[in-house]
Amino acid sequence: MSVTQQPAPGSAPGPDAGRDAAAEQLRDRISADSLTTRRDYLRIVATVSGGLAIGGAGVASGILHRHGDSETLPEAKKVTDQLAPGESVAFRFPGAEDRALAVRLGDGSLVGYSAVCTHLACAVLWREDRGPEGELYCPCHEGVFDARTGEVTAGPPPRPLPRIFLTEQADGSVWAIATARSGEPAKEALCRQFGDSRPAMAQRLDCPGAARAEETGRT
């Protein structure tokens, strides 16, 4: 009997009836397994997407670690022996997990920033050939930051890049000495880190309470 033929009413099941029933059950099981697989896949995708969204929100809202969060003065670190105009160098500061970037602008100015985009923590790159002073660029979502200030100039980043304070020695070597939180004024950041551990420096910066701290250090 063909699978398209129907048995006559009242007739006994033919020899193919059992095979037809088994085939139908197999098809039902395959369909159910396929549905389960699709549901599991969609559940995994939703979970991963949700995790990325939560992670991005954490970076944006400050729940996760940010550059410059430490209240203590980091240990100064040598970044490079020399840095010519238009060049950049990647390094880690203040911690081994903190990506940073030092740039020598065309006029000789030294600038340093966190190399972690404030949008979703992708790596920030230096592009010398963009604009009169170059730009800091995040390729993940087309974020752009001003090379001189670290401020956002294009794309989705919600905040400027945290700043790294650099100094140049007489031999031309470049050192990283302190950090600032995103958008934190330079004086506030330096006083926060130098205030207790370097009272003489804090006084030169005219930090609040610096004179009292230095006097305490003398006694």
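Guide: Buried means under 20% relative accessible area, exposed over 50%, and partly exposed in between, with a 1.4 Å probe and protein chains only. This is a predicted model: local features need pLDDT of at least 70, side-chain atom pairs count only at pLDDT 80 or more, and totals for chains, interfaces and linings use all residues. Residues are numbered from 1 along each chain as its sequence is written, and side-chain values use heavy atoms, with hydrogens and water left out.

Visitor: Fine. Is Cys117 buried or exposed?
Guide: Cys117 is buried, with a relative accessible area of 2%.

Visitor: What does Cys122 bond to?
Guide: Cys140, with the sulfur atoms 2.2 Å apart. The link of Cys122 and Cys140 is left-handed, at -105° about the S-S bond. It joins distant parts of the chain, 18 residues apart: Cys122 is in the loop between E4 and strand E5 (125-127), Cys140 in the loop between strand E6 (135-138) and strand E7 (143-146). Strands (E, at least two residues) and helices (H or I, at least four) are DSSP runs, numbered from the N terminus.

Visitor: Are those two cysteines buried or exposed?
Guide: Cys122 is buried at 17% relative accessible area. Cys140 is partly exposed at 40%.

Visitor: Where is the other bond?
Guide: Between Cys191 and Cys207, S to S 1.9 Å. That link is left-handed, with -85° about the S-S bond. Cys191 sits in helix H2 (residues 186-194), and Cys207 in the loop between helix H3 (199-204) and helix H4 (210-218), 16 residues apart. Cys191 is buried, with a relative accessible area of 13%. Cys207 is buried too, at 6%.

Visitor: What else is buried in H2?
Guide: The buried residues there include Ala189, Leu190, Arg192, Gln193 and Phe194.

Visitor: What do the buried residues of H2 pack against?
Guide: Strand E9 (164-168), strand E10 (174-179) and H3. Contact means heavy atoms within 4.5 Å.

Visitor: New topic. What does Arg127 touch?
Guide: Gly134, Glu135 and Tyr137, not counting residues up to four places away in sequence. Arg127 lies in strand E5. Its side chain makes a polar contact with the side chain of Glu135, at 2.5 Å. A polar contact is a pair of N or O atoms within 3.5 Å; within protein, one must be able to donate a hydrogen and the other to accept it, and residues adjacent in sequence count only if both atoms are side-chain atoms.

Visitor: How far is Arg127 from Tyr137 in space?
Guide: 6.9 Å, C-alpha to C-alpha, and ten residues apart in sequence.

Visitor: Last one, the sheet. What is the strand order?
Guide: E2-E3-E4, an open sheet with antiparallel pairing. Two strands pair if DSSP finds at least two bridges between them. Strand E2 (88-92) and strand E4 (110-114) are at the edges with a single partner strand each, so one side of each lacks a neighbour in the sheet.

Visitor: How many bridges join E2 to E3?
Guide: Five bridges join E2 to strand E3 (residues 99-104). Ala90 stands opposite Leu101 in E3.

Conventions
Disulfide = S-S within 2.5 Å.
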